[in-house]
Amino acid sequence: MLLLLLGIIVLHIAALVLLFVSTIVSAWSVGREYTSDLWTNCSSSASGYHCETAFTGEWIQAVQAPMILSIIFSFISLFLFFCQLFTLQKGGRFFLTGVFQILASLFVMSGAIIYTVMSPTWVPQSESYGFAYILAWVAFPLALISGLIYIILRKRE
Amino acid sequence: MRKIERGGSSLRQRGVVGYKPLDCELLFWLTLKSISSTSSLTSSCNRGSTGRMLTLLALTSVVILGIVPQTQAIVVYTGWERHALVGSDIRLSCSFFSWRWTSPDVSFSWSYRPDGARDSIAIFHYANGEAYVAKKSPFWDRLEFVGNPSRRDGSIVIKNLDFSDNGTFTCDAKNPPDIGGSASSVRLLVFENVPIQAGVITGAIIGAVLGLLVLIVVIYYLMRFLVARRVFSLSVSKHGKKGKGKEGSQQRQAPALSAEQAKLKAAASEKKKQESRKDKK
């Protein structure tokens, strides 16, 4: 029983950490001397390495927002899990926790989809997707599975 | 530097007749005197250890604050970045902070480094009450000095902007004898149409979703509260109508009340499920 609880918490925290790393690290698309992410475009040219805030317009902000929202919802879901762990009656389901976690996964999915669709317009063809972008796609099924487990799980004493 | 040592040693001697302290030190010297006088008062009330502590604290603060202003340099403030439309005018503001009074010899210097260039060229200089615009700069006929040097403002206005005006403007202010310190730069970006500021849409989306969440939670609790109140008022009215035989009516009320409560719980959980389903969509 304790093992199951620990496993679920570890899964949840793993999804949360992936979301954090994916949102913060500057590696959504990498080129030879150019990395960019949701927040800045960094380029290392002859005059050194300098970063400037991404000016690619409205769509990048439409990706920033779901990523941040997914982090917030995942946090809220973790908090609700601990709340419900101590206040739910026997046999009750962690419905609210699961709903918030699934919402977080949906936000990550929408953010990653928008980035994929809009990237031909603001990322040159020579660049490839960085690991932070891949982490976002990995975090989505993890969060989804975690949320579904919460919905199916029943509280035992 | 000689001035500072004289001030410090005088303070150590504690009140030398004929010594004229520097401008900031005078104020702190007076506060020290007042604090030491109050500390002697408090020493009469309690053992005097607090008085001694206060005096020591005041003395150290005076020494520190007396020395620090003399070594602090001038601090220049400009903006960080300015956005403007093609063809419009822009005001580049520059002001400074200095421990000294504003001297009549205050001077402002503006220089400009285009985007991608390595060197900066001087475009404007103000000194001795006269404003000078560099003849060879790209702004010689478009620049106007709108600052007020006596109020420490050295702003300039550049008219009729163009895309070639993208670059970094550096303001350097000097307030003799306070001439140390570093200049400050403001970056100018010229656009065809002003873009939406970074973060506005992000903030709007996040705010909207979180607001929706809060609204749903509030509505849920409100509905629960209202339904509970309606049930309560219904049961009270029933109780009021059948006034005879309190216990008999109570016995009849108790199962009715629990039935109402069960109905209420069912209704609440139904609503919760419905709202969560709506939330998912």
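Okay, let's start in chain B: in β6(B), B:Tyr112 has B:Ile121 as its bridge partner. Before I go on, this is a predicted model, so local features need pLDDT of at least 70 and side-chain atom pairs count only at pLDDT 80 or more, while totals for chains, interfaces and linings use all residues. Residues are numbered from 1 along each chain as its sequence is written, chains are lettered from A and ligands numbered from 1 in the order in which they are written, and side-chain values use heavy atoms, with hydrogens and water left out.

Back to that pair. Strand β5 (residues 107-114) of chain B and strand β6 (residues 121-127) of chain B run antiparallel, joined by five bridges. Strands here are DSSP runs of E, at least two residues, and helices are runs of H or I, at least four residues, numbered from the N terminus; two strands pair if DSSP finds at least two bridges between them.

Both strands sit in an open sheet of six, in the order β2-β11-β10-β5-β6-β7 (chain B), with mixed pairing. At the edges we have β2 (81-85) and β7 (130-133) of chain B, each pairing on one side only. From one strand to the next, the twist averages 20 degrees (axes are lines fitted to C-alpha atoms, for helices over the stretch in contact, and angles run from 0 to 180 degrees between N-to-C directions).

Chain B also has an open three-stranded sheet, β3-β9-β8, with antiparallel pairing. Why do β3 (90-92) and β8 (143-145) of chain B each have one side without a neighbour in the sheet? They stand at the edges, each with a single partner strand. β3(B) pairs with strand β9 (residues 156-158) of chain B over three bridges, and B:Ile90 stands opposite B:Ile158 there.

Now chain A. An unreviewed UniProt entry puts "transmembrane region" at residues 67-87, 94-118 and 130-153; such annotations may be inferred rather than shown by experiment, and positions follow the numbering used here, with feature names shortened. Residues 94-118 of chain A are 96% helix and 0% strand, with end C-alpha atoms 37 Å apart.

So how do the chains meet? The contact (heavy atoms within 4.5 Å) takes 16 residues from chain A and 15 from chain B. About 1,600 Å² is buried between them, 77% of it from carbon and sulfur atoms; that's accessible area (1.4 Å probe) lost on being put together, summed over both parts.

How values were computed: Buried area = accessible area lost by both parts, 1.4 Å probe.
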